[in-house]
Amino acid sequence: MQPIRTFNVSPALPEALEPLRKLAYNLHWDWNVETKDLFRRLDRKLWESTRHNPVLMLGMISQARLEEVAEDDGFLAQMERASRQLDDYLKERTWYRKHRGNSDEKECYAYFCAEYGLVDCLPIYSGGLGVLAGDHLKSASDLGLPLVAVGLLYQEGYCAQYLNADGWQQERYPINDFYNMPLHLERNADGSEVQIAVEYPGRTVYARVWRVQVGTVSLYLLDTNIEPNNPYDQDITDRLYGGDLDMRIHQEMMLGIGGIRALKALGYKVNVYHLNEGHSAFLILERIRRYIEEEGLSFTEAKQLAQSTQLFTTHTPVSAGFDLFPPDKAMYYVGHYANIFGLSREEFLGLGREDTGNLESPFSMAALAIKTSSFINGVSRLHGDVSRKMFHGLWSDLPLDEVPITSITNGVHARSVVAKANQELYDRYLGPNWSSRKADDPLWDRVASIPDEELWRNHQACRSQMVMSVRERLQYHLRDRGATPAEIDRAREVLDPSILTIGFARRFATYKRANLFLRDLDRIKKIIQGDKERKRKVQFVISGKAHPKDMPGKDFIRKIIHTIREAGLDNSVVFVPNYDIHIARLMVSGCDIWLNTPRRPREASGTSGMKGSMNGLMNVSILDGWWGEADYVRTGWPIGHGEEYDNPEYQDEVEANALYDLLEQEIVPLFYDRDDEGLPRGWIAKMKDAIRLNCPTFNTARMLRDYAMRGYFPASERYKAMTSEGYQPVKALAQWKQHLFEQWYSIKVEDIDIAAPSDLMVNQSVAVKSRINLAGLTDNDVQVELYQGSVNADGQIVNGVPVVMDYQGTDEHNISIYTADISYDASGLQGLSLRVFPKHKHLSSLYEPGLVLWAS
């Protein structure tokens, strides 16, 4: 029955408890211990049953309980403290103000992502990308960055997982009740909903806008489940990563194009745009359209302005991971932009093609983002290397190490992932600001002063809490699928809160090799069961989802469940269904070891191991992603030495045995080596190293400072420069680029005079002089460099170093003369070449035009 009218009914709070409403609607409560304890104190069972949703809890709690706590002086005092902490947080002097306090113009950075993992009660994320995006917003708030974020609000979110009796993953899609979540529906001054419209083939699709307040950062989420959209269009924001290729392009149009329109409708004037993965890349088309139609720029001018002020972060280490659309499909959905831009079909498709000469090549969202961004990064050093190889074709004339894709290693938000007991411990011994301090701060030396007894006692409590929670979750899922009473009873006894516990939790993609530790079943059984005399046992807690369409990933889960049962390891190897933020936080504080076994270099970064380190866990991992940058000797153990294999079977054999060796010879003995007080002193020392070395380094506070200093601030300065004087600088740059491309291929290196014999001494100075015909360009338009380095067996210069040559004027034939002195600091076969780059003061880098001329 359709209602003739709807009402949004809010909880009726006694006046004394009104601050609870403000606290509930700002996600600051998720990383503020005082506030989270306050809601737990209000009604512990309701807090758990609502998935830690204070808004829903306030709507369900009995009026009698509210009246009771309204008279409770202790509760009111705690509420007042939490409210004051939020007020102080929102207005405190921040890192951003200290570094950009003299900025004469208001800055605003827009961050776009397809998913956000913020809190357990807002299930609009699938895994690491979303949780990273959520932590990005939290640390942006901590640092005071003027960031605004955009995403989609999924009615069913990502799947909830359960296992049938055979161990096969099944999915449910619970409906998200937006009115009982920490969301604000954005309204106009007259009370009507803020709505935006996006043109799709043959129709217009509308979306309303919801806001999630993440400290000082606003996250705006678009929702198409409204009238007058037809049923198909209402489902655009139904499921995260659901549907077919057409639904994917529908979602990405709404995210990118609709997101830009939402920010405009809300009154934002954005300086810098940051695309977190390529899902939102259509925003580039909308930005260019707006600059053309609203600011009067030409296509080349508009594209230049967009590129100069745009960042792109890729998280994918394989080309198959990027969204690729057939050319006809791309033209069908967004080809109308070609008419606005004045481009032919192939010119338009070329914006999103890696190989513009291949007319059958698909339209790549990653290529579109890369070709229209001035700052591009991977999410670990190794992933930066992998990304440069993947996209070398876009800069084929550059040495691989100069491909302009850098890296900013991911981090995690410390206050969100460090267990309450550990936070209180760090606050006592390190001070209240430990979560944002840099790695070189003397504060981290104080980790050594934490008493071993306190740290170990804390950790044992965390392990016990995790074991109890795992047992409860298992019982819940067994009852839910109609298991026998005997099965449910056995779930009450799984795991032992006193023995060495290894955690493995992540998306169940096959390359992550969740089953590697079970490869030699006899050997791992001996490790798990331990020797009977010393009782040195080991147990595993496993969790994670496969994508609903990933049948091999689901089969991995089923095989693990079967192996556990058949080997009689049910009590010692436990799979926890429906992995989410809540169980993740329990595991990264309650386990002793965090295990990671991907096929290198398939793990772009990984962040769960960072969370474990912050709680004092040791990592045991393949040297992939972030772990290759960590001190993997003092803060854990590496599996192998960074080898890459052609034979997967052989690789699995070698690396499984390496893992078993580590467990038998190093990890288990160190954990169970106790002194007279029952303390594993060597283990605790390693825990302290994990905290001291990894907490400040693999932290989103560090990560956001990197993005700000290397990306946001320079791009914002370019925006101010480009848009000054009625856009004259961007117009001049676009015109210069056009002239550059017309003249570039007429440049000729006439000759190079190298005043040196073939045999040199180390550090012997060599004078080099070159005559270059710059055609219609001038010395101000180019940078001429010598490129020197050792020569490999293929006759190529490797690890080359550029030396900028000095312009000396022109000769009588108007040929430009450049000179430089070089020397070599190493012996052996060394090489020298010469190259010419375009140069302009408003370019983001010499590589932006994608042009380089090498001497032949």
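## Salt bridges, exposure and cores

User: What makes arginine 428 and glutamate 454 a salt bridge?

Analyst: Their closest N and O atoms are 2.7 Å apart. A salt bridge is a side-chain nitrogen of Lys or Arg within 4 Å of a carboxyl oxygen of Asp or Glu. Therefore the pair at 2.7 Å qualifies. This is a predicted model, in which local features need pLDDT of at least 70 and side-chain atom pairs count only at pLDDT 80 or more, while totals for chains, interfaces and linings use all residues. Residues are numbered from 1 along each chain as its sequence is written, and side-chain values use heavy atoms, leaving out hydrogens and water.

User: Where do arginine 428 and glutamate 454 sit?

Analyst: Arginine 428 is in helix 19 (residues 420–430) and glutamate 454 in helix 20 (residues 452–480). They are 26 residues apart and link distant parts of the chain. Helices (H or I, at least four residues) and strands (E, at least two) are DSSP runs, numbered from the N terminus.

User: Why is arginine 428 called exposed?

Analyst: Its relative accessible area is 52%. Buried means under 20%, exposed over 50%, and partly exposed in between (1.4 Å probe, protein chains only). So arginine 428, at 52%, is exposed.

User: Why does glutamate 454 count as buried?

Analyst: Glutamate 454 has 16% relative accessibility. The limit for buried is under 20%, so the word applies.

User: How do you know that lysine 22 forms a salt bridge with aspartate 87?

Analyst: The closest N and O atoms of lysine 22 and aspartate 87 are 3.1 Å apart. That is within the cut-off, so the pair counts. Lysine 22 is in helix 1 (residues 19–24), and aspartate 87 is in helix 6 (residues 73–91), 65 residues apart.

User: Why is lysine 22 called partly exposed?

Analyst: Lysine 22 has 36% relative accessibility.

User: Which residues touch the most other members of the largest nonpolar core?

Analyst: Leu145, Phe282 and Tyr712 do, in a core of 173 residues. Helix 28 (residues 700–744) gives the most to this core, with 15 residues. A nonpolar core is a set of buried Ala, Val, Leu, Ile, Met, Phe, Trp, Tyr and Cys residues joined through side-chain atoms within 4.5 Å. Apart from this core lies another, of 69 residues, including Leu518 and Trp637.
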